[in-house]
Amino acid sequence: MKKALITGITGQDGSYLAELLLSKGYEVHGIIRRSSTFSTSRIDHIYVDPHEPGARLFLHYGDLSDSTQLTNLIYSVRPDEIYNLGAQSHVRVSFDTAEYTGDVVGLGTTRLLETVRQSGIRARFYQASSSEMFGASPPPQNEQTPFRPRSPYSVAKLYAYWMTSNYREGYGLFAANGILFNHESPRRGETFVTRKITRAIAHIIAKKQRYLYLGNLDAKRDWGYAPEYVEAMWLMLQQDKPHDYVIGTGETHSVKEFLVEAFGYAGLDWQESVKIDARYLRPLEVETLIADSSRARKELGWSPKVTFEELVKIMVDADIEALGLKPRGEGKKILEKYGMSSVDRALCKPGGEGGERA
């Protein structure tokens, strides 16, 4: 039985990845931070008490800033695959917490890589890189596009990207960078713009909220459906040789387009509810991101199914249903069409931020 270690297992991507690996027969180990409150809502539905026979999901306390604990975990678990998804991944927040972001996102990756190197364990390593690293480079962006990061978060991610590349080339580690463009779901943290929008729609319908405050509505992003993206992560570590891959849909939409689509689907006029708050504007903005994922489509056989419009419907319905209201129901039909789970409706509830770090 293969063993996998996931940092950031309680985040959006970590929870979907844990589901995928368990479905493939893996024993899954996840690193979580010690907290006075529970932050495991995204994985509660797959968690089994480790004392129960047949349990294959195990959680361990740890932190990407603590090299000693990371070393002990890797030596004791001896994983076949390591997925480094843990991060402080909110771009706007990184401007306010630049040092912390650099420590966890950049140096945290180095701590993991160095432990793998020194241990001699032949674990395959996945590094969650980000399309934000491209920054000001004109679209479309692929593996050959120059990096021009425009936030502390993307600078830290770029450091981690090059450390992963250096450990691969210098020490022969099987280490791959997945440069994932924006990928969303009902499990997305509530402070991220897509989920902030869909959650606000539900609260406006329920008369619990009047206005939605946002920043730049003109920023354009390549948005996909998160469960499909974790499959690409897994595929990268199943190849004969490690490579870096860009993952995205190949089309871009502005925040305003997301607003129009989401509010329109819910039968609302976004202009009656949305206000601009300068606090949510970034000191430096990334204007347009569009993925050229030709290499992944060719070598991994990966391609997305869920469209932008379908993603919006899935998220809006989940947030409306989370408040005990009846959604239009298109989201469930879309998931059924693709043979995907609708368990997110039970998980899409107040509490829990995205961008979880180990």
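Helices and strands are taken here as DSSP runs, numbered from the N terminus. On this basis, Lys207 sits in the loop between α6 (193-205) and β8 (212-214). The model is a predicted one. Across the chain, 12 helices and 13 strands are assigned.

The overall dimensions were examined next. A compact globule of 358 residues would have a radius of gyration near 21 Å; the chain has 20 Å, so the two agree. Along the principal axes, the C-alpha atoms fill a box of roughly 60 × 50 × 40 Å. Contacts between residues 24 or more positions apart make up 80% of those with a separation of 6 or more. Of the 358 residues, 56% count as buried. The accessible surface is about 15200 Å². Carbon and sulfur atoms contribute 48% of that surface.

In soluble globular proteins, nonpolar side chains tend to be buried together. In this chain, the largest nonpolar core comprises 66 residues. Tyr83 and Ile197 have the most contacts inside this core. Helix α7 (residues 226-236) supplies the largest share of the core, eight residues. Beyond its neighbours within four places in sequence, Ile197 touches Leu212, Leu214, Val255, Phe258, Leu259, Ala262 and Phe263. A second, separate core holds 18 residues, among them Leu5, Ala123, Met163 and Tyr167.

Most residues other than glycine have a negative phi, and most peptide bonds are trans. Lys207 is not a glycine, yet its phi is positive, at about 65°. With a relative accessible area of 76%, Lys207 is above the 50% cut-off and therefore exposed. Arg78 also has a positive phi, near 50°. Arg78 belongs to the loop between α2 (67-77) and β4 (81-84). Its relative accessibility is 47%, so Arg78 counts as partly exposed. The peptide bond from Pro139 to Pro140 is cis, with omega near -5°. Pro140 is in the loop between β5 (124-130) and α5 (152-171).

Ser294 was considered separately. This residue lies in helix α9 (residues 294-300). Ser294 is partly exposed, because its relative accessible area is 43%, between the 20% and 50% cut-offs. Ser294 and Arg148 are separated by 146 residues in sequence. Their C-alpha atoms are 21 Å apart in space.

Terms used:
Residues numbered from 1 in each chain as written. Predicted model: local features only at pLDDT ≥ 70, side-chain atom pairs only at ≥ 80, totals over all residues. Heavy atoms only, no water. Helix = DSSP H or I, 4+ residues; strand = E, 2+ residues; numbered from the N terminus. Rg over C-alpha atoms; globule rule 2.2 N^0.38 Å. Buried < 20%, exposed > 50% of the residue type's maximum accessible area, 1.4 Å probe, protein only. Contact = heavy atoms within 4.5 Å. Areas by Shrake-Rupley, 256 points an atom, 1.4 Å probe, with all protein chains shown as cover. Core = buried A, V, L, I, M, F, W, Y, C linked by side-chain atoms within 4.5 Å.
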